[in-house]
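Subject: Structure for you to look at

Hello,

Please find the structure below, followed by notes on what was found in it. Keep it open while you read.

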Protein chains: 2
Amino acid sequence: MSFSGPVGSLPLPSFVQNRLFSSTPRTKALSIDNINPHVKEAKYAVRGELAIKSEQYRAQLAKGEGKDLPFDSVISANIGNPQQLDQKPITFFRQVASLVENPQLLENEDALEKSFGYKSDVIERAKKLLKDVKSVGAYSQSQGAPGIRKSVADFIERRDGYPADPESIYLCAGASAGVNSLMNVMCADKQSGVLVPIPQYPLYTATLSLLNAHCVPYYLKEEDQWSTDVEGMRTALKDAQKKGINVRAVVVINPGNPTGGSLAAENIESVLELAAEENLVVLADEVYQTNVFEGEFRSFKKSLRELQKSDKNKDGKFDHIELASLHSISKGMVGECGHRGGYYEMVGFDPEVVAQIYKFVSIMLCPPVVGQCIVELMVNPPKEGEPSYELYREEYDTIFHNLKKRAHALYDAFKEMEGVECQYPQGSMYLYPTIQLSPNAIEAAKKEGKNPDDFYCLRLLDATGVCIVPGSGFGQKEGTLHFRTTFLAPGTDWVSRITDFHKEFMDKYR
Amino acid sequence: MSFSGPVGSLPLPSFVQNRLFSSTPRTKALSIDNINPHVKEAKYAVRGELAIKSEQYRAQLAKGEGKDLPFDSVISANIGNPQQLDQKPITFFRQVASLVENPQLLENEDALEKSFGYKSDVIERAKKLLKDVKSVGAYSQSQGAPGIRKSVADFIERRDGYPADPESIYLCAGASAGVNSLMNVMCADKQSGVLVPIPQYPLYTATLSLLNAHCVPYYLKEEDQWSTDVEGMRTALKDAQKKGINVRAVVVINPGNPTGGSLAAENIESVLELAAEENLVVLADEVYQTNVFEGEFRSFKKSLRELQKSDKNKDGKFDHIELASLHSISKGMVGECGHRGGYYEMVGFDPEVVAQIYKFVSIMLCPPVVGQCIVELMVNPPKEGEPSYELYREEYDTIFHNLKKRAHALYDAFKEMEGVECQYPQGSMYLYPTIQLSPNAIEAAKKEGKNPDDFYCLRLLDATGVCIVPGSGFGQKEGTLHFRTTFLAPGTDWVSRITDFHKEFMDKYR
């Protein structure tokens, strides 16, 4: 409430005087200066300034108020959000989901088939899931429904050729929630640290900021398809230890976000070797395991088991390793990120530590149960010969090929762009090219108080409606500039918006 | 790997010797002694030892291995998990959910109606939600889909008679996730504290433990239907401040968990007055707002707006108050806890603080989108005259009346039990009776190293299969004993299991 008028020159009514001179505090309990400083420190550029601005443009266009804008649509190439763009959900998954949501539909199987083409395996699967969870509206066990965890264990065994224990599998509300739980338990105090690749998906640095623990960065080898450099990792570790940091774990993102790389078996083995020698927990973020365009995905779990029975384990150094591997329904050909589902498998963890992780997750009760069901469908899709197999296969392959095709189209476009260099697309949903900007462009950015890559991405958004994320949001070697873009958006128009803008930008600041 | 045999007396193969004498660390990176101590400190009894034991009994019975057990079913009266027990989901909600899960069903509206009885408003609502979220498999805005937030704001306005701003509404993965976000931002350091009612739902103490902040307990007046005692709250606050604790907020759970109480308008006003005078954020946990059996629910938001325009606000002391009110789809007649949906409305918060909350929630991307849709259905159910109204009303009222009936049956049973005293059931899903145990019983508990209430609940579970939660899990006045039980389980057999057990227990330890 505000009072205009000459206070003091006229007698004010007593209740107004009371307001002006009351001893009641007028400030807020919470201000930017007294809230949790670690929340303030946390950075999460993927949904930051650029994303918010792009949403404002989108809203403007939707209201028909965007006539003065130099573009007629916003392209969200900033977030790996497949179904917001072109990707259709897989029919089998959604048919089953509709039945677990409304089991009354199961009372007329005939109509389901005749009017909607639901096959018998859809109906069977829904019944199986409902038997396990009873109702998708009920809480499950905090670590996830037992039958679904069993399916995940079977999947891991088929994938790797080594068994998995359903008791060691924790379902979670997307891999982010899993990382959050694991990090919360691992980081004991402000001397705790975790080795994190640079560039990285900013969930890791943000979570470490929130926990007031140290991010110990190690750089990926851009020139070698963004592979891991174990000697560089060891140096980073030793330097951190010298500073008194208690490094607890090493994070590896494979296939890489934002890099688009995909690690070879030797890379994975050398990381496991480092972890064994230095007593580090390995956190393997494998959410893009089906987005692999070159070669084959290899899991950390498989490499660990192979190492454990190999000659390299003569002294038993791999016996005790602690590995947490994460997977998700958000990425791959599934792309069901809005359902918030995922899992992590813990291998070699002390049971007392696992009990604390259980307690931690139980405070948030359980992961979304429909998301858990979709985890089951992802790890146990229709098999050859089953009624829904053919359509599933076709949809899955189409999505895969379209992603690969677009990755290459984008890569080819980047090859033609002045001052842009990009590694060959190997996996995940992103490309992360280097960009060299002229001194004039860097100067112009400085004048606006921006990093040069932020400046470039902001200008791109303002000029074209294409939203990408500057390298500063993921980390990059001092003196280099990058940006991350997904290749999920349909068509090629938006790619030429980028190339055209780039030409003009380079000319303007030459 | 373990080695049996006389190590040292026989020559061992070199690789075994290497294992035994290698310098490679043999310990785990993580042990109970070096993980986050605040995770260890956190307590969450609702899903603790008793809950785990009851699940083991259930699994035993399911496998047909429970022939020696003195009961043939496990009754989970420990968790407010309606659909795991008797409660059927509301048809309208699940019909809409099935359509947003599989929009292909919308291609044959005729069959939906004829074969499955889907009414036109079900179809319209699904289309409206899909227009807002595009796909339930896509990420939404981190604070929730705009159209759904608008529906929530409209609901609040209808409920209270005062407008609400969709921009101040944050959807979340159940109220627990909302509390977690708010507490993370509010608690700045280890001197931060929050006033928490005793008894309380242990989410609050657990979250404060994790954040290494202080729980500042205030006691509810059991003898007065578990109402708030503002003078007691003020004393608790002053005592904490004297110890150097920076008290940031006050939590009120209304209707009460575990107490079953429901606050009168005077209680709410006096809490707001305290908050205004002492510059505290008010955290109003109102997830049981439709579970009210006596009188009417009154929201903190409504009381705040009434106070703001009343004479009591002559000095403007209520103008600046910060109130966060939480609601959920998990409780009430909705009972969709497995979907993990809820919201909080923030009133009077500094925009810079809200921006930090936005960033915090964006790190976890977004709440489950189907859960968001069910929030929309909860706050905007079929209206009188609409095709689905009649069935909705009938289902809703039936659930309500059954809950009320069972609450009273349980209350009546407790009245007959020796040494048990219970407040009249007013709201929520729980009763929280006091129980007086004999010195012999207390001695027997001590011998097993248990609290007397833990001991009682454990014996009850072992003897009857009924799982309830001891008062120590929620807090109680020194020297008193309680337990919490839901009244969700169907039938009355389980109530007589409790009364029969109680008689024997009292006789045994007389």
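B:Pro258 sits in the loop between strand 5 (246-253) and helix 11 (265-278) of chain B; helices (H or I, at least four residues) and strands (E, at least two) are DSSP runs, numbered from the N terminus. The peptide bond that leads from B:Asn257 into B:Pro258 is cis, with omega near 5 degrees. In chain A, a cis peptide bond joins A:Asn257 and A:Pro258, and omega there is about 10 degrees. A:Pro258 is in the loop between strand 5 (246-253) and helix 11 (265-278) of chain A.

Another backbone feature is at B:Gln225, which has a positive phi of about 55 degrees although it is not a glycine. B:Gln225 belongs to the loop between strand 4 (214-219) and helix 10 (230-242) of chain B.

Before going further, note that this is a predicted model: local features need pLDDT of at least 70, side-chain atom pairs count only at pLDDT 80 or more, and totals for chains, interfaces and linings use all residues. Residues are numbered from 1 along each chain as its sequence is written, chains are lettered from A and ligands numbered from 1 in the order in which they are written, and side-chain values use heavy atoms, with hydrogens and water left out.

How are the two chains related? A rotation of 180 degrees with 0.0 Å of shift along its axis puts chain B on chain A, with an RMSD of 0.0 Å (superposed by least squares on the C-alpha atoms of residues with pLDDT of at least 70 in both). The two copies are thus related as by a two-fold rotation axis. In chain B, the C-alpha nearest the axis belongs to B:Ser98, 2.0 Å from it. The same surface serves both copies, as 100% of the contact residues of chain B recur in chain A.

Now the interface. Contact (heavy atoms within 4.5 Å) involves 112 residues of chain B and 112 residues of chain A. Together the chains bury about 9200 Å², 56% of it on carbon and sulfur atoms; buried area is the accessible area (1.4 Å probe) that two parts lose on being put together, summed over both. On the chain B side, B:Leu30, B:Arg47 and B:Tyr139 lose the most area to chain A, together 9% of what that side buries.

How many salt bridges are there between chain B and chain A? The count is two, where a salt bridge is a side-chain nitrogen of Lys or Arg within 4 Å of a carboxyl oxygen of Asp or Glu. A:Arg94 and B:Glu101 form a salt bridge through their side chains (3.9 Å, N to O). Helix 13 (residues 351-363) of chain B gives the largest share of the side of chain B that touches chain A, eight residues.

Over all chains, the whole structure has 58 salt bridges. One of these is between A:Arg510 and A:Glu418 (2.8 Å, N to O). The pair links distant parts of the chain, 92 residues apart: A:Arg510 is in the segment after helix 18 (493-508) of chain A, and A:Glu418 is in the loop between helix 15 (389-416) and strand 9 (420-421) of chain A.

Regards
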